[in-house]
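Dear colleague,

I am handing over the structure below, together with a short account of what was found in it. Please read the notes alongside the sequence and the model.

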Amino acid sequence: MGKLSITKKITIWYTIFMLFITGCVLWTLVYTGNLRASEAAQEVLMEAVADASEEIERFGGDFVVDDKLKFYEDGVYISIYDGEGELLEGRVPGELVQIMPVLDDKEIATISDGSGEAWYVYDSLFEVDDKFVWVRGVVKDFAEQSTFTFIMRLAGIAFPGLVIAAALGGYIITRRAFRPVRDIIETVEDITADGDLSRRVRIEEEHVETNDEIYKLAGTFNEMFDKLEKTFDQEKQFTSDVSHELRTPLAVIISQSDYAMEDEEYREKALGKINKEARRMSTLVNRLLTLSRSDSGRLVLEKDQVDLSEVCEMVAEQQAIVAEDKNISIETDIAEDITITGDEAMIMRILLNLMDNAVKYGREDGKVTLSLAEENGYAVCSVEDDGIGISEEDLEKIWERFYRVEASRSEEGAGLGLAMVAALTKAHGGSVDVTSKPGEGSRFIVKFPIYR
Ligand code: ADP
């Protein structure tokens, strides 16, 4: 049984079940039917014998039977014997003469003829004018002749026919129902064989919006393949982006160190460039490390009570120096004594990144506002600039790793900053959001649960 497909198992199971049920029904019908038929036959027999007895009289020394008495009626054979058992009138069926039982008052005897069919024999002894006389009735069991028997014969043929039809129909339906499962198996096998994740389980139009669990399963498999394919593609893209981002600074470092070795005068300048590129690489690798730790759930936060108001002040001060290059003024609106639980260094990185971007993508001679307030149990920190802004279609994507808006390619960066900000805020149980209008500016809002 273990090696059979589910379709076959189901079919076999209910075929056996149906055979059992129809068997039981047939048997009960035959049994009760036969019982009723033999009861009816015996009743007719006893009545006929009683009727016949009333038609016998004595005339002189002899028994006289009324003309009205028929010796064969309604299947009953009537015969009359004198006190000694000598046949006077009537008859018994020829084939039974040999096996007739001895006369026995008021008993029904059952005998069977050569072809195995049952007959009932009923005798009645009574007195007519001081002389004994026997009346014997013989009747064939009604079971064979009744319409009931006919119906049962029909059922005997029809039931197995129905079982076969149901088994075949059921087999076809279950086989069909399980087709998506076979498709799933085929698809998974094909993917395993050649690694092509673009394969999908085929689902016909009419089954797309269905409640059939098996088609739903196929749909779920396809969704999983979609997701796997996307993840796989992203993974490939990520690796290629990382290599690309590392290649440029490495090339600069190699060429600058070559120059430095050849040209003593140039050495200092080269060292400066090498240092800058190495720092860029270090930032990049640090961000990658943070992201990969966050992905695998290994991001370790040194949690403590953090005075967010103080951190904001510090970030604003630090950023003011950077902003000087573009003549951007940093303004603050920081509520005091807002404390959260978290890793101070990480929270600093979140805010520095946002401020960095605000300055980087901010308008020359513009302003950047850093504000902090408490709202509904959250510390809400916002970084607002009046710079280039972000278009609607880019708003979703800026959180993706290595994504950079086309227009901002001239600025330094690898597109990992916001991805890291999102990962770090999430690790703090917070959230980060953005609203922006191209040409008018952007506003990044970070929320942290307040420490109580
Ligand atoms: P990058 O290293 O390029 O700054 P980020 O992940 O920090 O990477 O940002 C992703 C992209 O989002 C940026 O390339 C830029 O196009 C856009 N962006 C981020 N902050 C701002 C901002 N304040 N104003 C306009 N665009 C921004």
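A polar atom in the side chain of Lys360 lies 3.0 Å from an oxygen atom of the ligand, and, as you look at this, please keep in mind that the model is a predicted one. Taken alone, the ligand exposes 520 Å², of which the protein buries 99%.

As to where the ligand is found, it sits in the largest pocket, and 20 residues surround it, the closest being Asn357, Tyr361, Arg404, Ser408 and Leu418. By class, this shell around the ligand is made up of ten nonpolar, seven polar and three charged residues. At least two residues of the shell are supplied by each of helix H7 (344–360), helix H9 (417–427) and strand E15 (441–449).

Thr425 counts as buried because its relative accessibility is 0%, and the cut-off for buried is under 20%. The side chain of Thr425 reaches two backbone oxygen atoms, that of Val421 at 2.8 Å and that of Ala422 at 3.0 Å.

With kind regards

Definitions and conventions. Residues are numbered from 1 along each chain as its sequence is written. This is a predicted model: local features need pLDDT of at least 70, side-chain atom pairs count only at pLDDT 80 or more; totals for chains, interfaces and linings use all residues. Side-chain values use heavy atoms; hydrogens and water are left out. A residue is near a molecule or strand if one of its heavy atoms lies within 4 Å of it. A polar contact is a pair of N or O atoms within 3.5 Å; within protein, one must be able to donate a hydrogen and the other to accept it, and residues adjacent in sequence count only if both atoms are side-chain atoms. Accessible areas come from the Shrake-Rupley method with a 1.4 Å probe; for residues, only the protein chains shown count as cover. On a 1 Å grid over the protein atoms alone, a cavity is a set of points where a 1.4 Å probe fits but cannot get out, and a pocket is an open set with protein on both sides within 12 Å along at least five of seven lines; lining residues have an atom within 4 Å of a point. A molecule sits in a cavity or pocket if more than half of its atoms lie within 2 Å of its grid points. Helices (H or I, at least four residues) and strands (E, at least two) are DSSP runs, numbered from the N terminus. Ala, Val, Leu, Ile, Met, Phe, Trp, Tyr, Cys and Pro count as nonpolar, Asp, Glu, Lys and Arg as charged, and the others, Gly among them, as polar. Buried means under 20% relative accessible area, exposed over 50%, partly exposed in between (1.4 Å probe, protein chains only).
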